[in-house]
Amino acid sequence: MPAAVVILAAGTGSRVGAGSNKVLLPLGDRPVLAWSVRDAGALDDVARVLVVVRAGEQEVVAAALQPHLGEAEVGLVEGGATRHASEAAALEALAPAIGSGEIDVVAIHDGARPLAGPELFAATIVAAREQGGAIPVVRLPGLLSRDGRALPAELDGVQTPQAFRARDLVAAYAAAAADGFEGTDTAACWARYTDLPVAAVPSTPANLKITFPEDLVLALRLA
């Protein structure tokens, strides 16, 4: 049964100094957003790719992506004021296909992480199908607490794409809406409203998030 990939692109470029949506900035021969859209769409196991955009940006995002899609089809969904609201909007759009059994796993990815690569998408989807949920993790050595104490060396950082069994994820977000709960990422809502495990999928620091201007330079070197 195929999966769906949701790519969040409803942020801003305030810290990167873009003056506009940072995922539309050029990274090599294509916009930042197009890297993950193409990687997700290239997977045989992915039936739907949805990009969540800010209100009023549907046309500019569509125009930016179109030259880089080939024959792939990508849907656009208007997001909300928060990350959680944007995820909920995407799940609402996918709900009919999930309810009918056409989609069994949903992976949610940050469009500002252009270098996740198709292998990481595939690995998280497979792990979610087997165990319930899956998140990419990367070791974070040398961290200090705010008071200067060294933190445990085995701490991991969480990345995206985060993938989950679709019907359970829809139910979790419905419960969250009833409670007025909003998570900081998809895994937070999943952990609060399901008893299913979340597998840790090994990743690397190359799956960086474009946050500051220097991140674009580093991403281009890594790409």
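Here are some questions and answers on how a few labels in this predicted model come about.

Residues are numbered from 1 along each chain as its sequence is written. Local features need pLDDT of at least 70 and side-chain atom pairs 80 or more, totals for chains, interfaces and linings use all residues, and side-chain values use heavy atoms, without hydrogens and water.

Q: Why is H3 called oblique to H5?
A: The axes of H3 (residues 83-99) and H5 (residues 166-179) come within 10 Å and cross at roughly 135°. Under 35 degrees is roughly parallel, over 145 roughly antiparallel, 65 to 115 roughly perpendicular and the rest oblique, so H3 is oblique to H5.

Q: What makes the contact between H3 and H5?
A: Contact means heavy atoms within 4.5 Å. Among the residues involved are His84 and Leu91 of H3, plus Leu169 and Tyr173 of H5.

Q: Why does Gly111 count as buried?
A: Buried means under 20% relative accessible area, exposed over 50%, partly exposed in between (1.4 Å probe, protein chains only). Gly111 has 0%, so buried is the label.

Q: What makes the pair of Phe164 and Trp190 tilted?
A: Rings of Phe, Tyr and Trp (its six-membered ring) pair if their centres lie within 6.5 Å; planes under 30 degrees apart are stacked, over 60 edge-to-face and the rest tilted. Here the centres are 4.9 Å apart and the planes at 40°, so the pair is tilted.

Q: How do you know whether Tyr193 is buried, exposed or partly exposed?
A: Its relative accessible area is 22%, so Tyr193 is partly exposed.

Methods
Axes fitted to C-alpha atoms, helices over the stretch in contact; angles between N-to-C directions. Helix = DSSP H or I, 4+ residues; strand = E, 2+ residues; numbered from the N terminus.
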